[in-house]
Amino acid sequence: MTARGLSILCTGDIHLGRHPTRIPEDADGPQFSPKAVWQATIEHAIEQEVDAVVVTGDVVDRENRYYEAYGAFEAGSRLLRDAGIPLIVVAGNHDYDTLPKMVADLRLDNVHVLGKGATWERYTLERDGKAFIHFDGWSFATEHVHGSPLENYDLPQDSNVPIIGVVHADLDMPGSDYAPVSRAELLRTPAAVWLLGHVHKPGIHHSADPLILCPGSPQALNPTEQGTHGPWLLSIDGVSAQPRQLPLATVRYDHLTVDASNVSDPMDIPPLISSQLRERISTDVDTGFLKLILARVTLTGRSQVHARLQQQEEQDRIKEDLTLKIGTTPVCIETLRVDTKPDIDLQGLASSDTPAAWIAKLLFALDNGKLTDEYTWIAQDCVSKMQEAYGAKTYRSLRQEGWVDGPDRKQAIGELQRQARILLDTLLKQKERPS
Amino acid sequence: MSKAGLHFKKIQVIRAPGFENRGFTVSNLSPGVNIIHGPNASGKTTLARSIQDLLWPSVAREQVHIFGYFDLDGEEWRIEVEARSAKYQRNGHEDNGPILPSVDQKERYSLALHELLQHEIRNQSFAEAIQRESVGGYDLTAAAEELGLRNTPSGQTNVVKAAIQSLGNWKEVQGTVETLRREEGGLPGLRRELEEAKHALDRVELLNLAVTHAKARESLKDAQIELDTLPKVLAIISGIEAETAEGLQADIADWQGKKELAERKQRQAKKDIAKIALPEDGLPAGFLDELKAMRDVLVTLESTGQQYEQTLSRARGQRKNACKDIGDRIPEEKLEQLDPVAWGELAKFTKRAERAHANREQRDAVEHWLKPDDELEADSEALERGRRSLEAWLQEPPLTLDDHRRMRRLAVLSSLLVAAAGTLLGLLIHPGFHTVILAAGGILWYGFWRTGRARGDSDPREAHRYQFTKLDLDMPPTWTSDDVRERLDSIYRDIARLKLAEERKQRWDTRRDDTKELDTLLAEVEKEHAELQQRFGVAPDTTEIELFVLANAVSRWQEAHGNVVALQATQATIKTQIDNKREVLNSKLAVYGYDPIKTAADATGHIRNLDKRSELHSTATIALGLAEATISGANENTEKLQEKNDSMFTKLGLEVGDVARLRELCTMRPTYTERKQSVDEAQGLLKHEIRKLEAHPDFESELKETPVADLEEALREEQEKAHQYEGIRDSIRDIENATKHARNEHAVEDALANKERTLDALTKQLEGDYAAMVGHQLMEHLRAATADAGRPEVFGRAREILSTITRGCYRLDLEEGTPVTFRAYDTIKEKGYALDELSSATRLQVLLAVRIAFVECQEQAVCLPLLFDETLANTDDCKAQMIIQSAIELARAGRQVFYFSAQGDEVAKWFAALQNVEDVDYIVKDLAEVQNLDGHVEVPDLSNFIVHTPIPPDPNGLDHRSYRERLGLSPFDPRQGIGAAHLWYIVDDPNLLYDFLKLGIERWGQLETLINTGGNALVTDDQKVLKALEQNARALGEFVRCWHIGRGNPVDRQALEDSRAVSEKFIDQMSELAYQYDGNARSLMQALRNGKVPGFWESKKDDLEAYFEENGYLDPVEPLQSEEIRLRVAGEFVHADVAREAAGARADALLVRLAAC
């Protein structure tokens, strides 16, 4: 117990056993594993002499079937035990079955799984022999839970002891299969703090009374989990709780939109991206623990080099040319998305009777959602073609894994627009070439 | 056609090559089709060339002189061409002539089949020209290439392989973990099983003991039961009782027989004893031996007496013989007193004297041979000197060489003689004579030396002769060499003899000492002889031999006489002893009644008789005793045996004498023994097993009573558990190790990350494929929409002509690329073909259409006649039909057509084709007739020709559905595509459908092409009707698309073979199966998975399925449900501007039509 009062380190959705995606193979390594961040979290908890460590579920990634999580979790739990720090966990949809079993196997008296069997359970932290704070927790008992766990929250109130609620739940996602809870429900409870799991994106959803905190995954696992990741240090003084995120994640995903309207040469793109990335990360990001930043860059605007930017070779070259380090942290482009448009007056072009005019008319119709019969046929053909590609044996792996969905009309129209722009740009460039 | 047509009415050939002397005129030509036929050299080609010469006189043949009459734009024209000069008249007035296409277009109006088919380059140039004119400044091909547009997805790239590999790896590690999870989940169960197995191990041991015990118990019980089935009495039966009883009876009988025999012998023995008449106890012991000993002594004495008598007789004879040898020299009375020793000395003397006399006789013989020769008293010195003189003489000259040689020979001979003499003497007389051989050597040396000297002196002979003469030796007869030599030889012999004599003399002197010794011995013998004569009183002249004989005789007599005296004394003593013995014997024998004996032989007879009597007495006495003993023993044994027999039966509880029962019991005894032994063994074993069982720590008393079957069942169960002990223990250990290992691993995390990485890459590739294929699709639409827009009129016209002449079956397309080429699109099969892929007939139609289109489009204002010069020659019916139909269509459009042929069947084909054509005028001209030629082209009867144009059935008021039946349509096959759809599915009005069918337009592909190419005139120009048709077609097209979703391409034998997954062994069966399932790959695979084709390997099924997926036979998407299809079809109607409320009914109507199939 520190002199500052009660301090709790909380995190969730560690997904031990999973690995962050999109890390270039040549840069990848164990330092990006959630195990590494979990270990850093434990070390930090011990170093900070916190009163408890709370994990809001999904400690174990279901894909990994628990074993590889076991070793890391066990090591961390033992370190905490040796340091006299209790570890309070609830099971999430990923580890509803494995976490209780793992904890039971470990037989460590400092590790407490709350709410096994989808019931509410309380763990009380005492100080000087008196209850100091309650942890009310609820765990998944099955992979899917359609109702709100709070409907059965009936643990006794204790006005003298603050309550921290711990649950793995989908916040404000009614109809979710993963224990949907609403903010209103949480606000109605007597808890001073609600620590929620399931949502990987960290964030404070209610600042106080109660504090609703989604600690998020301590390590970003894919490009959708952008921003800063890491456990949270919760300082409680009476009924007031102050959360502070510890950026222990070693990888950061980010997204940057770059306007390429004024670019006349693709060679100018990498410096442009580099400068904007540097500006953004340098000002907003704590890179202390980061070992890699993966940026998803989208090029926008009406560009004279639209067609060239669409070429894969050009995109690869741009990625290769971008050699950026912020501090000691390397930055890589995870995906370069070219969403530029050709710098063409479609209406003016459409007035003639040439192939370019035909494409211009098509683009005009697509952009405005006015598809004639002819264009509908084209769109349908594009759907068919994309379905053909999707159904090819080449992509059986993707289908089997459900990695990508089959293309639909909307996607086909989007691709048609993109290809129409590229083709138009290409044809117009032919006119510019000396004959 | 808006251009004015130029129609020849008459052509008059005044002069032309081949027709220099006779021209001909063809008149009444048709503005439509003109079929000009005639045999070879009848003027067909001349007429065709004449038409060209009339149209382009500037390039006309020099020799020709021709007239032509034609209509042009309502005016009548006359043209005369001669020597490339043309004269025109229009409506009877001189004129400069009409404006006609330039001369370079001339060949385009001449359509010869072989030219059309062979001038590919020209056709290609047409295509290139069209392409150049239509590109509009954009190079779509280049753009497509630049953007990498593709119509097919990527193949098995490294990205795909990496994804597959990572997935496999992921599944593998996932499977490993799953397995481990399952195994770990089973650990509690395994541990329980391990405990059970361990307990079972202990139980197995106990149950084994219990089973053994129970078996022993059962064995004892069984053995006892078997034993109890036998009579109890067998316990005291040994098994030999019956045999014993029989033996006893036999023994009793035997003893009774013996008793009877003994009684008979007893009686006989008593009788014999009485008859022998000896005392009861027989002779005294040793009496007979005593008698025999006495008898033997008597025998010996008698024998000795006889021997002495004989010896005495021989001694007397010897004495008598010795007496005879002595004779009267000594009286017999004195002989007994003579000293026997002295007479022995006398005998020795006689032997010594005899040896001395023998030695003397030997000495006398030697001395006789060695006695010196008195005649050889010659002087050896003189002989030597004489020899030397003669030898010297002979050695001196003048001896000739021959003499010299002779001397040498002489020396040799001499030396040989001397040597031979020495040798002989040495051998015969004394070895010392061998020294003579040395002398022979000296003679030889000298001989040789002298011969050498003789040759050296001048006359030395005389001196030597002189010296010789001084010797007292005989001279040679003459002093010639021969005589001297002969004399010398004699001297040599004398010398040799002299030497021999000297040697004998030396030997004679030596032997003289030996003679003296012998003489002394002889003297002594003589002296001793005399003394003996005197001593024994024999006569003085008695020789030593005689003395020797007498001495021997005296000795023998004395010896024989001694023997006679001694024998006579002994003989007397023996006689006395004999008498004594005889007396004793007689006294003893007389007691038993024997007469006195005289000789030992008598005694022997009496003794032998007495011995016999004694033996008989003894035998009878023994026999009597034996018989009495036998009788007694028989009585005793019979009694004992009977008692034993009775006792045995009584003991066994049997009636005495019931041997049969006893035998029966004895027969059962081995069985009893065996069973009893079994019982004993079982009892022993059971006791042993009980001790072992009770000693087990887990012993339970009820185990002693548990049946074997129950125990064995329990044992089996426990054994099964126990056998698993080690396996379970190892499994637990392995699982625990694996779990421990897995907790410190990160293989799953790595595999998962790698899977996601590779799938991301694959997704990116898919997006690239999306882009490329959508881009390609876009490009295709762009081409379709713009390719024809910029095409020159000639292309549109060519397409229109082709559509028209093929009834919409084909559409002309241009294949962009290098070079640009024409293509024909089959509107029914919905597939494009390059020219070389087409049948020659279709190809001809395409080329004809292009040629005609060019002709038409380049004609400025005048439409000139087309000349078909035997275009049908050597063509098949189909092709001929196409050409004829094409020509008819052109004529129908206002162009004059000439067809030249020498073939009657071609003419017939034209007739057949034109017969049903009402709107095209035509004529047929026979040039042979025109020129009055003998030969004619034989035109076959039209009835022999099949009319190729099908005549559809008239609906005659039938409704739409009924008309289908009349048409006999096949079911609609969506796989064939909408282009192949019969118009019945699209055209609602049976009458309109009939009109289309009459025009040969059956399929939607044809109709669509005709509509699109402006061939509406062939069908209808009612836009409402056309719109309705288009709506139905679009809906049908949507149905086809929907139907294809999830179905993939049909599988046929070729697909199965191409897959390389089906071997020859299965290809027939698989093809049949594919046929049964209508080529549905999904159904086929399902059937295969269900084992429809036994023996077809699973791996091959996987390969086949992969092939189907990869090549579009197996669509991963599920087929649409019928309601989904209906909605889509209805939606398509809406898209085609059908009112939403009517679209459903239209869709239903269409689907009913399709379902009706």
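**The hairpin and its surroundings**

Modeller: β5(A) and β6(A) run antiparallel and are joined by eight bridges. Strands here are DSSP runs of E, at least two residues long, and helices are runs of H or I, at least four, both numbered from the N terminus. Two strands count as paired if DSSP finds at least two bridges between them.

The model is predicted, so local features need pLDDT of at least 70 and side-chain atom pairs count only at pLDDT 80 or more, while totals for chains, interfaces and linings use all residues. Residues are numbered from 1 along each chain as its sequence is written, chains are lettered from A and ligands numbered from 1 in the order in which they are written, and side-chain values use heavy atoms, with hydrogens and water left out.

A:Leu125 faces A:Ile133 of β6(A). A:Thr124 has A:His134 as its bridge partner. Two residues separate β5(A) and β6(A). A:Asp128 sits in that turn, with a positive phi of about 55°. Its loop runs between β5 (120–127) and β6 (130–138) of chain A. A:Asp128 is exposed, at a relative accessible area of 75%. The cut-offs are under 20% for buried, over 50% for exposed and in between for partly exposed (1.4 Å probe, protein chains only).

Now cross to the next strand. β6(A) pairs with β7 (residues 163–168) of chain A in the parallel sense, over five bridges. There A:His134 stands opposite A:Ile163 in β7(A).

Two other loops of chain A hold backbone features to check. Most residues other than glycine have a negative phi, and most peptide bonds are trans. A:Asp172 has a positive phi near 55°. It lies between β8 (170–171) and β9 (180–181) of chain A. A:Asp172 is partly exposed, with a relative accessible area of 34%. Further on, the peptide bond from A:Asp209 to A:Pro210 is cis, with omega near -5°. A:Pro210 belongs to the loop between β11 (203–206) and β12 (211–214) of chain A.

Next comes the interface. 77 residues of chain A are in contact with 71 residues of chain B; contact means heavy atoms within 4.5 Å. About 6,600 Å² is buried between chain A and chain B, and carbon and sulfur atoms give 58% of that area. Buried area is the accessible area (1.4 Å probe) that two parts lose on being put together, summed over both. Eight salt bridges are counted between chain A and chain B, each a side-chain nitrogen of Lys or Arg within 4 Å of a carboxyl oxygen of Asp or Glu. In one salt bridge, the side chains of A:Asp28 and B:Arg757 meet at 2.5 Å, N to O. The elements that give two or more residues to the chain A side include α1 (34–48), α2 (67–82) and α12 (409–432) of chain A.

One residue of helix α1 of chain A deserves a look: A:Lys35. A:Lys35 is buried, with a relative accessible area of 17%. Its side chain reaches the backbone oxygen of A:Glu68 at 3.3 Å. That is a polar contact (a pair of N or O atoms within 3.5 Å; within protein, one must be able to donate a hydrogen and the other to accept it, and residues adjacent in sequence count only if both atoms are side-chain atoms). Not counting residues up to four places away in sequence, A:Lys35 touches A:Leu16, A:Glu68, A:Ala72, B:Glu745, B:His746 and B:Glu749.

Finish in chain B. Five strands form an open parallel sheet there, in the order β8-β13-β14-β3-β15. β8 (110–111) and β15 (922–926) stand at the edges with a single partner strand each, so one side of each is left without a neighbour in the sheet. β3 (residues 33–37) of chain B pairs with β15(B) over five bridges in the parallel sense. B:His37 stands opposite B:Asp926 in that pair.

The helix α25 (residues 904–915) of chain B has twelve residues. From first C-alpha to last it reaches 16 Å, close to the 16 Å expected at 1.5 Å a residue; the expected span is 1.5 Å times one less than the number of residues. Nine of the twelve residues of α25(B) are buried. Among them are B:Val907, B:Trp910 and B:Leu914.
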